[in-house]
Amino acid sequence: MSTQISVDLEAATAPYEQIRSQIAALVNLGELSPGTRLPTVRALATDLGVAAGTVARAYKELEAEGLISSRRRAGTVVSERPGSVDTHEDLVAAVDQLWKLAAAQHVDAATLKALVARRKP
C-alpha cells in the first residue's frame, strides 16, 4: 500500500494531512476494502521517510473519521462502512457523467483533469 502513498516535503500541506487524505481517498474509492490491514506506523513512516509521529497523527485522524480502526495485536485495518459500495458506485456514475458532459462540450481529457485538480474541497 505504501507504494500508492507519497509525501511531498516541499508542499504547503502538512505531511500527516497528505497521508491522511491519500488513505481516505483510497478507502472512499474502494481501493482499500474493509478489513484490509494497513502497515504499522513505524513501517509506513520508514517507507515514506517521515517521523513515526507523522503517520500516527494521520492514523489517529482517520480513526476519528471512522475510516480505520486500530486494535492491539490486530493492527490497523480499514473499517466497515455502511453504504460505501453505493457511495463508490455513485461516484463512478458521476465521473462517467462528467466525462460525457466534457465530450459533449469538446473539452479534452487534459483540460478536464486540470479543472478537477483545481477544485479542492
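## Exploring the structure around Arg20

Arginine 20 is buried, with a relative accessible area of 15%. Here, buried means under 20% relative accessible area, exposed over 50% and partly exposed in between (1.4 Å probe, protein chains only). You are looking at a predicted model, where local features need pLDDT of at least 70, side-chain atom pairs count only at pLDDT 80 or more, and totals for chains, interfaces and linings use all residues. Residues are numbered from 1 along each chain as its sequence is written, and side-chain values use heavy atoms, with hydrogens and water left out.

### Exercise 1: Charged partners

Find the salt bridges of arginine 20 and describe the network they belong to.

**Solution.**
- Start with the rule: a salt bridge is a side-chain nitrogen of Lys or Arg within 4 Å of a carboxyl oxygen of Asp or Glu. By this rule the model has three salt bridges.
- Next, look along helix α1, where glutamate 17 and arginine 20 sit three residues apart, about one turn of the helix. Helices (H or I, at least four residues) and strands (E, at least two) are DSSP runs, numbered from the N terminus. The closest N and O atoms of this pair are 2.7 Å apart, forming a salt bridge. Glutamate 17 is partly exposed, at 23% relative accessible area.
- Now turn to glutamate 65, whose side chain also meets that of arginine 20 in a salt bridge (3.0 Å, N to O). Glutamate 65 lies in the loop between α3 and β1, while arginine 20 is in α1, so this pair ties together parts that are 45 residues apart in sequence. Glutamate 65 is partly exposed, with a relative accessible area of 41%.
- Put together, Glu17, Arg20 and Glu65 are linked in a network of salt bridges.

### Exercise 2: The nonpolar core

Work out which residues of the largest nonpolar core touch the most other members.

**Solution.**
- A nonpolar core is a set of buried Ala, Val, Leu, Ile, Met, Phe, Trp, Tyr and Cys residues joined through side-chain atoms within 4.5 Å.
- The largest one has 21 residues, and Ile19, Ile23 and Tyr59 touch the most other members.
- Two or more residues come from each of α1 (15-28), α2 (41-48) and α3 (52-64). Helix α1 gives the most, with six residues.
- As background, nonpolar side chains tend to be buried together in soluble globular proteins.

### Exercise 3: The hairpin and its neighbour

Describe how β1 and β2 pair, then look up the contacts of serine 79.

**Solution.**
- Strands β1 (residues 68-71) and β2 pair in the antiparallel sense over four bridges; two strands count as paired if DSSP finds at least two bridges between them. Serine 69 stands opposite valine 77 in β2.
- The two strands form a hairpin with three residues between them, and arginine 73 in the turn has a positive phi of about 70°.
- In β2 (residues 75-78), Gly75 and Val77 point one way and Thr76 and Val78 the other, and all are buried.
- Finally, serine 79 is found in the loop between β2 and α4 (84-104), and serine 79 is buried at 13% relative accessible area. Leaving out residues up to four places away in sequence, serine 79 touches Pro34, Gly66, Leu67, Ile68 and Ser69, where contact means heavy atoms within 4.5 Å.
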